[in-house]
Amino acid sequence: MIELRPFSSLGSANHGWLDAHHHFSFASYHDPSRVNWGSLRVWNDDTIAAGTGFPTHPHNDMEIITYVRKGAITHRDSMGNEGRTEAGDVQVMSAGTGVQHSEYNREDEDTEIFQIWIIPSERGGEPSWGAAPFPKDDRAGKFVTLASGSANDNDALPIRTDASVLGATIKAGESVTYDVTDASRHLYLVPATGKVRIEDGTEGVEAEARDGVAITQHDRVTITAIEDSEIVLVDAA
């Protein structure tokens, strides 16, 4: 199954300072057919106005990955961590038994992020936070693992769940292929920019920037860039 979920079909809420679009049910948006995709629970496409942000609020028992598409986000939490994550970088917070944090756009331009929540394999545990740069040139024409629950992904930010978050940049006319370890897994792909075609040899769809594509029951998918594209992929149990 390869299902296109156009950006225009997503849930949305414009708060002035925050223009949010929800791939899955979130806050006041509820669609019983889009509550989660395997252990992937949230994929929010957020535009945060300059000088604004999310004030301190709690989380627990969730793996939260922030992929910065434009600008930068400044994080501060109750564990004493503080950091600025800019476009090309990724931050991860394992909420565990509970943590309070804030996220602000301290820049003089809008910040655009994907915020991805994945249900952890086990509840509890000490909360943690980390960030790392992932230069887009290093992802040219191939997938790079940005966050992962596998101990073998040493260069990725660790998360406490059977899932991985990957990124790639693809030039128009070029392709990347992703091999799935088990066809029962749940893939979710979003182009941050550009336009791509996703296919498995028998079926396929075209996705524009910020569309979602839900994929399962496939051993391999090929993504071909129709335009220069930046893509993010979650592979979850």
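## Aromatic pairs

Tyr 67 and Phe 114 are both buried (under 20% relative accessible area, with exposed over 50% and partly exposed in between; 1.4 Å probe, protein chains only). The model is predicted: local features need pLDDT of at least 70, side-chain atom pairs count only at pLDDT 80 or more, and totals for chains, interfaces and linings use all residues. Residues are numbered from 1 along each chain as its sequence is written, and side-chain values use heavy atoms, without hydrogens and water.

Rings of Phe, Tyr and Trp (its six-membered ring) pair if their centres lie within 6.5 Å; planes under 30 degrees apart are stacked, over 60 edge-to-face, and the rest tilted. This rule gives seven aromatic pairs. One of them, Phe 26 with Trp 117, is edge-to-face, at 5.5 Å centre to centre and 80 degrees between the planes. Phe 26 lies in the loop between strand 3 (18-22) and strand 4 (40-48), and Trp 117 in strand 11 (residues 111-118), so the pair ties together parts 91 residues apart in sequence. Strands are DSSP runs (E, at least two residues), numbered from the N terminus. Phe 26 is partly exposed, at 23% relative accessible area, and Trp 117 is buried, at 14%.

Tyr 67 and Phe 114 form a stacked pair, 6.2 Å centre to centre with 25 degrees between the planes. Tyr 67 is in strand 6 (residues 63-70) and Phe 114 in strand 11, 47 residues apart.

## Aromatic cluster

Tyr 67 and Phe 114 also belong to one aromatic cluster with Phe 24, Trp 43 and Tyr 188.

Methods. Helix = DSSP H or I, 4+ residues; strand = E, 2+ residues; numbered from the N terminus.
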